[in-house]
Amino acid sequence: MPVAAATPRKTSAINAVRHDWHRGEIEALFTLPFNDLLFRAAQVHREHFDPNAVQVSTLLSIKTGACPEDCKYCSQSGHYNTELEKEKLLEVARVVEEARAAREKGASRFCMGAAWRSPRAKDMPYVLDMVRQVKALGMETCMTLGMLDEGQAKDLAEAGLDYYNHNLDTSPEYYGQVITTRTYGDRLTTLANVRDAGMKVCCGGIVGMGENRDDRVGLLQQLANLPHHPESVPINMLVKIEGTPLAEVDDLDPFEFVRTVAVARILMPESYVRLSAGRQEMNDEAQALCFLAGANSIFYGERLLTTDNPEANHDKQLFDRLGIHPLDPRHEASDEAHEEALRQQVAEQEAADSGLYRDAMAYQADGKRAAKHVLDKDTGRPAQRPLDA
């Protein structure tokens, strides 16, 4: 007797935004045939984003080294001898100069990182000034400064900070193998303070630290089941640094890294999934697979805090080869602006239908009504119309 085929669900239902993912569901995604997983991830990506647009950020270390945390992957930890030169907090003018240079090279977001457990009161005025001045350049701003209390998060938000980065790093189960000086709960509290202050969240993790697939499942489950998905989800490949406890850990299979990117895309459909640390060790083919799997954000430039990153010119060449273009959020319309444009159009149409007024600006010299300019939600610019419209 033939078995009746199951009725397929619509893609939109399968790929709906959720916050209640079970481990078994995530494990099942990881075990899909590679081609099937990438196909589904690409479908999700295309439902929510331009598949050929990539958001570009630049990262600057504004205070380097001597961090009191014992993160076993980090060259900046004061617990390990990595021969990293310690630097004080950079001057605001230097930070603004670096941001301006990043903007000229194509970056739309400028991220600033400090090796602190949490910001000190005496440093906050300088940090807040950095945010204000970089914002004045027309760039998005992001910072990673360690743990934040409610007051610090509020101050950063009032200064105009767009994103705050605070990674979970790995699963709750594996976390103690990597870090002992702050708890998983500490990290979740900082994320809640950031969200409550009205800032966007940049939060992801690191793979290839000796964890197993169960831990990668656990990390993504934690991220996907947050009350709000992080707007940006960096997926880092461990950069092995001599002098750190993880310097000799076995390499992660590149296909497993691509799988992690693809599953992140499926679990968090509306988030930007970023290729972060470790791209220096990836060949172009691996990066292309990550873009196919739904990655749509990168760090651009030669350095990521204290580790190497593919040179900007090489990134541009890769983009050209793949037909990818940088996303410029300055040309994006917000949902509110798009909705206001629609409301205005409806009001105009209702008024015109009732004969209450005639908009002289909407008519051409020959008396025919000119085409309306409709905002394109993705670009914020007037939507292109066919020449014969």
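I looked up Arg274 and found it buried, at a relative accessible area of 1% (buried is under 20%, with a 1.4 Å probe and protein chains only). The model is predicted, so I kept to its rules: local features need pLDDT of at least 70, side-chain atom pairs count only at pLDDT 80 or more, and totals for chains, interfaces and linings use all residues. Numbering runs from 1 along each chain as its sequence is written, and side-chain values use heavy atoms, with hydrogens and water left out.

Arg274 sits in strand β8, residues 272-275 (strands are DSSP E runs of at least two residues, numbered from the N terminus). I checked its contacts (heavy atoms within 4.5 Å): leaving out residues up to four places away in sequence, Arg274 touches Gln55, Ser57, Arg109 and Cys202, among others. Its side chain also makes a polar contact with that of Ser57, at 3.3 Å (N or O atoms within 3.5 Å, one able to donate a hydrogen and the other to accept it; residues adjacent in sequence count only if both atoms are side-chain atoms).

Next, I went to Cys202, in strand β5 (residues 200-202). Cys202 counts as buried because its relative accessibility is 2%.

Last, the cores (buried Ala, Val, Leu, Ile, Met, Phe, Trp, Tyr and Cys joined through side-chain atoms within 4.5 Å). In the largest, of 91 residues, Met143, Leu156 and Phe257 touch the most other members. A second, separate core of 6 residues includes Cys111 and Cys202.

Terms used
Buried < 20%, exposed > 50% of the residue type's maximum accessible area, 1.4 Å probe, protein only. Helix = DSSP H or I, 4+ residues; strand = E, 2+ residues; numbered from the N terminus.
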